[in-house]
Amino acid sequence: MVRVTDLDTFSALLAPEGQELLALLRDHDPADELATATRLRRDHPAPLVSAALGQARLRQRAAAKFGADAARMYFTPNGVEQSTRTSVAAHRAARLAAAGVRTLADLCCGIGGDALALARAGIRVLAVDRDPLACAAARANAEALGLADLIEVRCADVTEVDTAGYDAVFVDPARRKGVRGGRIFDPEAYAPPLSWAVGAARSAPCAALKIAPGVPHEALPEDAETEWISDAGDVKEAVLWFGTGRGGAHRATLLPAGDSLVGAGLPDPEPGPVGDWLYEPDGAVIRAHLVADVAEQVGGRLIDPTIAYVTADRLTPTPYATAYAITDVLPFNVKKLKALLREREVGVAVIKKRGSAVEPEELRRKLKLAGPHTCTVFLTRVAGAPTMLLGHPAVQGA
């Protein structure tokens with residue numbers, strides 16, 4: 001992969017010749033990269049062409065997180081991997097603005113994704129990072145999106161920055177080992193460590209601390225509200241909130257709609273037989289341990305004490321789980337499933353699993369599906385026994 005590796009080359013991208021190249025590469029097809037590079041190097045320095053091609057590719061990758069803004073922004077490989085997507089950053093910024101935050105220190109700002117969302121919410125931001133290239137990208141992004149008046153970028157060690165006088169602090173520690181490196185699961189191996197970040201958060205009137213959504217619940221500070229956030233069904237992150245007055249609370253927020261469920265501390269419901277309806281809670285709900293709250297909403301029960309599927313005898317719409325009408329509850333048996341789907345002329349099976357060792361793709365190959373109909377197959381356990389549930393999504397508005 002072509003990478004922007006030094007400040008001089010990055011600065012050249014911001015100069016007129018670099019801007020000309022980036023404009024030419026706006027709709028660049030990576031499949032034509034060799035021919036494009038050869039052509040552009042006839043009239044432009046090779047290092048600048050390589051940097052522009054690398055930036056074009058990063059912008060294309062970043063479009064999934066930043067939408068149309070990505071075409072005007074500047075990225076580093078780490079920045080694309082670790083930055084917050086716009087929808088999630090905007091949600092967090094809105095919460096901070098609603099809490100009365102007007103000035104904020106953004107520690108470990110990276111390429112400035114969160115700083116941009118905060119500035120758009122009317123918050124004045126000090127954005128700090130120790131990586132000079134990330135800071136250069138953050139400054140360029142603030143300029144490109146017309147937010148430079150609200151964002152001051154400072155290249156420094158965040159542990160040495162005085163945040164006194166700011167209404168709030170936001171900390172986003174690095175949770176990967178280098179570019180495309182593996183995720184770091186030990187919170188004390190974050191850079192900076194979680195314990196330092198929590199200390200920085202506690203020193204401010206209000207604070208948000210971004211952490212991995214898989215953080216063990218026993219590692220959560222008792223004085224923080226923890227919010228798990230999903231976007232379009234995918235769990236993206238967890239946030240420790242300080243200064244909200246809801247220490248110890250667990251919240252699941254589902255974007256883009258913004259529905260937010262705060263746990264009531266309910267015990268898990270008793271398991272029972274599978275009813276006419278099955279509810280698959282959103283991943284943020286599961287991570288927040290709020291399956292019991294969803295079960296109470298829909299008047300449901302668990303299908304197994306260890307499985308996060310809720311079942312009920314009637315349909316009760318909820319934004320926190322996807323409902324399915326269940327037509328069959330059968331002991332797991334591949335031959336039986338194959339015969340049943342063939343009889344019903346099912347050509348497309350959506351196979352979901354929870355608590356099953358069976359691999360969906362391997363099962364799909366064995367089924368050899370053909371026909372005009374569709375079916376959802378759940379591979380799971382019911383009262384400890386391997387079970388397959390057949391059904392289909394509830395009709396919207398039903």
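Biologist: Leaving aside neighbours within four places in sequence, which residues is A224 in contact with?

Modeller: This is a predicted model, where local features need pLDDT of at least 70, side-chain atom pairs count only at pLDDT 80 or more, and totals for chains, interfaces and linings use all residues. Residues are numbered from 1 along each chain as its sequence is written, and side-chain values use heavy atoms, with hydrogens and water left out. Contact means heavy atoms within 4.5 Å. By that rule, A224 touches L240, W241, F242, R246, G247, G248 and A249.

Biologist: Is A224 buried or exposed?

Modeller: Buried means under 20% relative accessible area and exposed over 50%, with partly exposed in between (1.4 Å probe, protein chains only). A224 has a relative accessible area of 1%, so A224 is buried.

Biologist: Which strands are the edge strands of the open sheet of 7 strands?

Modeller: The order is 11-12-10-13-16-15-14, with mixed pairing. Two strands pair if DSSP finds at least two bridges between them. An edge strand pairs on one side only, which here gives strand 11 (301-302) and strand 14 (346-353).

Biologist: In what sense do strand 14 and strand 15 pair?

Modeller: Strands of a sheet pair through backbone hydrogen bonds, either parallel or antiparallel. Strand 14 and strand 15 (residues 373-382) share 7 bridges. The sense is parallel.

Biologist: At about what angle does helix 12 run to strand 16?

Modeller: Helix 12 (residues 334-343) lies across strand 13 (321-331), strand 14, strand 15 and strand 16 (385-393). Axes are lines fitted to C-alpha atoms, for helices over the stretch in contact, and angles run from 0 to 180 degrees between N-to-C directions. For helix 12 and strand 16, the angle is about 15°.

Biologist: What arc do the buried L337, L340 and L341 of helix 12 cover?

Modeller: An α-helix has 3.6 residues a turn, so residues three or four places apart point the same way. L337, L340 and L341 are buried. They lie on the same side of helix 12 because their arc, taken from the directions from the helix axis to the C-beta atoms, is only 95°.

Biologist: Which residues are exposed on the other side of helix 12?

Modeller: The buried residues pack against strand 13, strand 14, helix 13, strand 15 and strand 16. On the other side, the exposed residues are K335, R342 and E343.

Terms used. Helix = DSSP H or I, 4+ residues; strand = E, 2+ residues; numbered from the N terminus.
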